[in-house]
Amino acid sequence: MENVFNMDTMNFLLDGLYLTISVAISTCIISIIFGTFLAITRNYGGVVARSLATLYIEIFRNTPLLLWMLTAVFVLPTFFGRASSEVWGTIGFSLYTSSVMAEIIRGGLNSIPKGQFEAAYSQGFSQFFTLFYIILPQTFRKIVPSMLSQVITTFKDTSFLAGLQIAELTYQSKIILARLTSFTEILTMIGLVATIYFAICFSLSVLVRYLDKKTSYATN
């Protein structure tokens, strides 16, 4: 077991975990911002803008995530200049996840009674101020559990980056596994990586359940 539980191996895995968490957080932030824009455009934009937002969401939601990661890493640098694979991988990941977040946010927007808009307009609020100061705060309170569920999925899906030779947690573990010769050590390494993913995702899922119950109580 000394080939698994040693300082060099642990630091190597921690470097991968750090990149995994960084990509997941960056993707979630970008996706929430862009997804909010897409959801608002699809619900309240003009005919052309609404059609474009709908087209974007449907294309990305109905095509594989890995396809867009590959596109971002191997195609986008040709048009937008060089950057690290981690950056382009995150961009591809965000483009895809934004479409999922957009539908979650749109569901929250649709759950807000239309009377809220009418009441705001009667008080002299513009559509912009109504959305950003009255509607969106209520929307985000309602969709927190669903958004956190997507965050969990996003964290797990960072493992796709291993296929692009990006040194996140799964890729780092593959390198270590290639050096191991003992079946017990290989099994231990797989179990260790699985435990890391499980610990983080399970903690987030507990938080999701707690917030879901809290939201249900507040609604009732």
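This is a predicted model: local features need pLDDT of at least 70, side-chain atom pairs count only at pLDDT 80 or more; totals for chains, interfaces and linings use all residues.
Leaving aside its neighbours within four places in sequence, with which residues is Asn43 in contact? Residues are numbered from 1 along each chain as its sequence is written, and side-chain values use heavy atoms, with hydrogens and water left out.

Figure 1. Asn43 lies in helix H1, residues 7-44; helices (H or I, at least four residues) and strands (E, at least two) are DSSP runs, numbered from the N terminus. Beyond its neighbours within four places in sequence, Asn43 is in contact with Arg50, Arg106, Leu109 and Asn110, where contact means heavy atoms within 4.5 Å. Asn43 counts as buried, at 18% relative accessibility. Buried means under 20% relative accessible area, exposed over 50%, and partly exposed in between (1.4 Å probe, protein chains only).

**Figure 2. Crossing of helices H3 and H5.** The axes of H3 (residues 65-74) and H5 (residues 85-110) come within 8 Å and cross at roughly 140°. Axes are lines fitted to C-alpha atoms, for helices over the stretch in contact, and angles run from 0 to 180 degrees between N-to-C directions. H3 and H5 are therefore oblique to each other; angles under 35 degrees count as roughly parallel, over 145 as roughly antiparallel, 65 to 115 as roughly perpendicular and the rest as oblique. From H3, Leu65, Trp68, Met69, Ala72 and Val73 meet Ser85, Trp88, Gly89, Gly92, Phe93 and Tyr96 of H5. The residues of this contact of H3 with H5 comprise eight nonpolar, three polar and no charged. Ala, Val, Leu, Ile, Met, Phe, Trp, Tyr, Cys and Pro count as nonpolar, Asp, Glu, Lys and Arg as charged, and the others, Gly among them, as polar.

**Figure 3. Packing of helices H5 and H7.** H5 packs with H7 (residues 127-157) at an angle of about 145°, with their axes 9 Å apart. The crossing of H5 and H7 is also right-handed. Among the contributors from H5 are Phe93, Thr97, Val100 and Ile104, and those from H7 include Ile135, Phe140, Gln150 and Asp157. The residues of the contact of H5 with H7 divide into twelve nonpolar, six polar and one charged.

Figure 4. Val208 is found in H9, residues 183-219, and counts as buried at 11% relative accessibility. Not counting residues up to four places away in sequence, Val208 touches Pro145, Leu148, Ser149 and Ile152. Val208 and Leu148 are 60 residues apart in sequence, yet 6.2 Å apart in space, C-alpha to C-alpha.

**Figure 5. Cysteines Cys28 and Cys201.** A disulfide is a pair of cysteine sulfur atoms within 2.5 Å, and by this rule the count comes to zero. The sulfur of Cys28 is 11 Å from the closest cysteine sulfur, in Cys201, which is too far for a bond. Cys28 is buried, with a relative accessible area of 8%; Cys201 is likewise buried, with a relative accessible area of 10%.

Notes:
A crossing is left-handed if the near helix is turned anticlockwise from the far one by less than a right angle, and right-handed if clockwise.
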